[in-house]
Amino acid sequence: MVIRQKILKIQSLVWSQCNNFLNQHELDNSIKIQKIDTSSTSKAVEIVSKLRDDPVEREQVAAIASATASKIHDVPIQSTSIEDIKGNTTRFLVLGKTDLPKTSDDKTTKERISLLCFVIKKNDDFGSLCDILEVFKKFDLNLQTITTRPSVISPWRYVFFVEVWENEKLKDALSSLDDLVLDYNIIGSFPRNQRFFDMIKK
């Protein structure tokens, strides 16, 4: 949702997903949108909802969020489908010690992914990350994603987060990582929704 002068930002990734719409909105209305960070998209809508008693401010502030957040906080939707790439999706992970009970509309599949993290042991050795990835290949394990975040161990040392499709060789593969990583942790395991497989087949 975008109105006249300001927009409540939820996270940096959202701005990059809606650049075309925001730029065109500024041109069409001869305005400059002020982007403000908030902790989440839902929080952005909650902030907007609290401005209902200030009609002037309410006309100048908006949020980018889901239709569900609009319903929860009773904030009217001004524009829909403003993403640059149609069909763009956001995935949320629910972390817990036990599996969530299945619902009547559960469309998850039997295929599961494990999310794990590790820190490279010999960080300055050439090919050290390649050696780790070769372990997954050796045990016929397909990586879905790999991302990094700074570690607290030392400057320029990173924690790698990997999503790997599970098979019966995963345990042996992780054992083979012992000499290559300082430590690894399995954060959890989860199935993918059927929608994921439908999308990648297109």
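Reader: What makes β3 and β5 count as paired strands?

Author: In this predicted model, 7 bridges join strand β3 (residues 108-120) to strand β5 (residues 158-165), and the two run antiparallel. Two strands pair if DSSP finds at least two bridges between them, so 7 bridges make these a pair. One of the contributors is S114, whose bridge partner in β5 is V164. Strands here are DSSP runs of E, at least two residues, and helices are runs of H or I, at least four, numbered from the N terminus.

Author: A quick note on ground rules: residues are numbered from 1 along each chain as its sequence is written, and side-chain values use heavy atoms, with hydrogens and water left out. Local features need pLDDT of at least 70, side-chain atom pairs count only at pLDDT 80 or more, and totals for chains, interfaces and linings use all residues.

Reader: Why are β4 and β6 called edge strands?

Author: The open sheet runs β4-β5-β3-β6, with antiparallel pairing. β4 (143-150) and β6 (181-193) each pair on one side only.

Reader: What makes L22, H25 and E26 of helix α2 "buried"?

Author: Buried means under 20% relative accessible area, exposed over 50%, and partly exposed in between (1.4 Å probe, protein chains only). L22, H25 and E26, in α2 (residues 19-29), are in the buried class. N20, L27 and D28 are exposed, on the face of α2 turned away from its buried side.

Reader: How do you know that the buried residues of α2 line one face?

Author: Seen down the axis of α2, they fall within an arc of 100° (taken from the directions from the helix axis to the C-beta atoms), so they line one face.
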